[in-house]
Amino acid sequence: MQRIIRMFICLTFALALTQNLRSQQMPLPPAIANPHGEEPNNHGVPLEIQRQMQKKANEQRQAEIKRDTDRLLKLSTELKEYVDKSNENVLSLDVMKKAEEIEKLARSVKNKMRGNN
């Protein structure tokens, strides 16, 4: 029971952190020095198009993080309700499943924040 409560506290802290990070966007890498600005790189794609593609990917990743953190908040609230209804002698299978689902989603959000889709 204490493990679940500790996990709930950690997840609450993680949610607060992710809400703070929501307003921040991952910076784009510095452009390669190029006098014309449109010359292709090693892959034959113009730098401006690469920047636009990366910006769009960052925006999509940010939207996914927002969606997942909203889901984390909902799951954490549900877990707290389950724990509040239980006592020290009874630990519901639903509580364990909910905690595992939260753990999996939190790991996914962490990886997305790192840029590891």
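**Legends to the close-up views**

**View A. Glu64 is partly exposed, with a relative accessible area of 21%.** The model shown here and in the other views is predicted. The side chain of Glu64 meets that of Lys112 in a salt bridge, with a distance of 3.9 Å from N to O. This pair links distant parts of the chain, since Lys112 belongs to helix H3 and Glu64 to helix H2, 48 residues apart. Lys112 counts as buried because its relative accessibility is 12%, under the 20% limit for buried residues.

**View B. Asp68 is a buried residue of helix H2.** Helix H2 covers residues 47–85, and the relative accessible area of Asp68 is 5%. When neighbours within four places in sequence are left aside, Asp68 is in contact with Leu105, Ser108, Val109 and Lys112.

**View C. Glu103 and Arg107 form a salt bridge.** The closest N and O atoms of the two residues are 3.2 Å apart. Both residues lie in helix H3, four residues apart, which is about one turn of the helix. Glu103 is partly exposed, at 37% relative accessible area, and Arg107 is also partly exposed, at 45%. Elsewhere, salt bridges that share partners join Glu64, Arg67, Asp68 and Lys112 into one network. In total, the structure holds 10 salt bridges.

**View D. Arg51 and Glu48 are paired in a salt bridge.** Side chains of opposite charge can pair when their charged atoms come close. For Arg51 and Glu48, the closest N and O atoms are 3.0 Å apart. The two residues are separated by about one helical turn because they stand three residues apart in helix H2. Arg51 is partly exposed, with a relative accessible area of 29%. Glu48 is partly exposed as well, with a value of 32%.

**View E. The largest nonpolar core is made up of nine residues.** These are Ile65, Leu72, Leu75, Leu79, Val83, Val95, Ile102, Leu105 and Val109. Helices H2 and H3 are the elements that give two or more residues to this core. The largest share, five residues, comes from H2. Leu105 and Val109 of this core are also among the contacts of Asp68.

**View F. Leu91, Leu93 and Met96 make a nonpolar surface patch.** The area of the patch is about 270 Å². Met96 lies in helix H3, which covers residues 93–114. Met96 is partly exposed, with a relative accessible area of 32%.

Methods
Residues numbered from 1 in each chain as written. Predicted model: local features only at pLDDT ≥ 70, side-chain atom pairs only at ≥ 80, totals over all residues. Heavy atoms only, no water. Patch = residues over 30% accessible without salt bridge, like charges linked within 9 Å, V, L, I, M, F, W, Y side chains within 5 Å. Areas by Shrake-Rupley, 256 points an atom, 1.4 Å probe, with all protein chains shown as cover. Salt bridge = Lys/Arg side-chain N within 4 Å of Asp/Glu carboxyl O. Buried < 20%, exposed > 50% of the residue type's maximum accessible area, 1.4 Å probe, protein only. Contact = heavy atoms within 4.5 Å. Core = buried A, V, L, I, M, F, W, Y, C linked by side-chain atoms within 4.5 Å.
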